[in-house]
Amino acid sequence: MGIDLRQAVAGILTLTMFVMLGQMIKRDHFDSLQDKLPGEAQDVQVDNANLIEKDGLVKLSKGSKGPWMKDSPELKPCWSRTTFDGIEQSRGYVTFSLTNGPEYHVSQMADAVVVARYLAAALVLPDIRGSRPGDERNFEDIYDVERFMKSLDGVVKVVKQLPNEISIRDLAAVKVPNRVTEDHIVENVQPIFKSKGNIRLATYFPTVNMRKTTQKSSVDSVSCLGMFGTLELQPEVSEVVDSMIERLRTLSRKSDGLFIAVDLRVDVLENKNCHGSGTNVAKSCYNAQEIALFLRKVGFDTDTTIYLTQSKWDNSLSVLKDIFPKTYTKENIMPEEKKGKFLEFEGSELEKVIDFYICSKSDVFVPALSGLFYANVAGKRIALGKPQILIPADIPGTSATVTNYLSPYVAKKNHLAYACFC
């Protein structure tokens, strides 16, 4: 009688679980890395009853297989048109590019809007540049231009291009830190702008910390608008994302159409050296086997549908698919007629946009990787009323309560989004 390979792999994983019973593995969530993700490991060690009943953050969804949670009501922006004074006559131009994926785009846009507003400058519609040479696109290839310009009407003047008489070579290059402050603009940006008249802005990221602060600033409302109220997908891209989500829900009939999105990319895992784990070192990433064990231990059924941000299937992901057979990448669920354009090469801006928005709209989001993708997906999910963001961990024992692993951004309501939405 032959041995089924999946049964053999499952048996090995089960044995691994029992071995882990004898190990007191410290819960070193990658959230504890201050320059990686905000929060400490103990941030998610919350009392379940208080979390569900007192804080009202999440409610367990009844009648579904697994520890699914109900969505919260979608939050409303705290900013409004009445909070902004009229636009001063524009003095010069601020240009910039959106780079490295939508998780960076939202932060870059927020900083550009804040700077242009403070300087009373016109903001030039940005282009989009990927991390690969040649991956350059117009703004309208991904985002809705008309909605973008309308969102900033009365706040910042937006022009589609520089006047012909201004050469790109005449622009002064200025770098600003993510979440730029009014003081930084006054000390480091305004003098250059007054001297040169036009600047090219670039945001750098000394940290990916997206926790809200107690300090209030006159630029807070503008920053919130820039981050959460300006970028919407153009119709074709939005339709592709929606069709992929609908496909995932169709594949999830046994769980009432609910599915999990996991940010897991093999090339990044290899660069971060995620093979193996230590008991005294905080982890910044988790591999496919660790994600499979985590999801099973917190109670997700093996029939659960999982979407991975990995571009194309890699053999190292098989261990996850052995436990959760309904595990898919983009190539499995994207409409065939769209693959030529949207999957032209791995890691393109279009691929990253698809991943960002599917992870933002999934029923559960699990970041296997630390970084800005997790932080800004979390912000978008909070605004959409989708709080089930689970931070993976090496769990000792065979089971655990899912609410113990909620992101501290949600459990402690300390994400910047909570300062922007009411």
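**Figure 1. Pairing of strands S11 and S12 in the predicted model.** Strands S11 and S12 run parallel and are joined by 2 bridges. This view, like those that follow, comes from a predicted model. Within the pairing, Tyr307 stands opposite Tyr328 of S12.

**Figure 2. The open sheet of 4 strands.** The strands follow the order S12-S11-S10-S13, and their pairing is parallel. S12 (327-328) and S13 each have a single partner strand and stand at the edges, so one side of each is left without a neighbour in the sheet. Strands of a sheet pair through backbone hydrogen bonds, in either a parallel or an antiparallel sense.

**Figure 3. Strand S10 and its two partners.** S10 (residues 259-263) is joined by 4 bridges to S11 (residues 305-308), and the two strands run parallel. In this pairing, Ile260 has Ile306 as its bridge partner in S11. S10 also pairs with S13 (residues 364-367), again in the parallel sense and over 4 bridges. Here Ala261 stands opposite Phe365 of S13.

**Figure 4. Side chains of strand S10.** The strand is mostly covered, with 5 of its 5 residues buried. In a regular strand the side chains alternate between the two faces of the sheet. From S10, Phe259, Ala261 and Asp263 point one way, whereas Ile260 and Val262 point the other way; all are buried.

**Figure 5. The largest nonpolar core.** This core has 84 residues, and those with the most contacts inside it are Leu123, Tyr143 and Ile199. Helix H3 (residues 102-119) supplies the largest share of the core, 9 residues. Both domain 1 (93-229) and domain 2 (235-420) give residues to the core, so it lies between them. A second, separate core has 34 residues, including Ile260, Leu308, Val364 and Val402.

**Figure 6. Surroundings of Leu123.** Leu123 is one of the residues with the most contacts inside the largest nonpolar core. When its neighbours within four places in sequence are left aside, the residues in contact with Leu123 include Val94, Phe96, Ala112, Val113 and Ala116. Also among its contacts are Phe148, Leu152, Val156, Lys157, Val158 and Val159.

**Figure 7. The disulfide of Cys78 and Cys422.** A search of the whole structure finds 2 disulfides. In the one shown here, the sulfur atoms of Cys78 and Cys422 are 2.0 Å apart. Cys78 lies in the loop between strand S2 (69-70) and strand S3 (93-99), and Cys422 in the segment after helix H16 (417-420), so the pair ties together parts that are 344 residues apart in sequence. Cys78 has a relative accessibility of 35% and therefore counts as partly exposed. Cys422 counts as exposed because its relative accessibility is 60%.

**Figure 8. The disulfide of Cys224 and Cys420.** The sulfur atoms of Cys224 and Cys420 are 1.9 Å apart. The link is left-handed, with -75° about the S-S bond. Cys224 belongs to helix H6 (residues 220-228) and Cys420 to helix H16, so that distant parts of the chain, 196 residues apart, are linked by the pair. Cys224 has a relative accessible area of 7% and is buried. Cys420 is likewise buried, with a relative accessible area of 2%.

**Figure 9. The site of Cys359.** Cys359 has a relative accessible area of 0% and is therefore buried.

Conventions: Residues are numbered from 1 along each chain as its sequence is written. This is a predicted model: local features need pLDDT of at least 70, side-chain atom pairs count only at pLDDT 80 or more; totals for chains, interfaces and linings use all residues. Side-chain values use heavy atoms; hydrogens and water are left out. Buried means under 20% relative accessible area, exposed over 50%, partly exposed in between (1.4 Å probe, protein chains only). Two strands pair if DSSP finds at least two bridges between them. A nonpolar core is a set of buried Ala, Val, Leu, Ile, Met, Phe, Trp, Tyr and Cys residues joined through side-chain atoms within 4.5 Å. Domain bounds come from an automatic or database domain assignment. Contact means heavy atoms within 4.5 Å. A disulfide is a pair of cysteine sulfur atoms within 2.5 Å.
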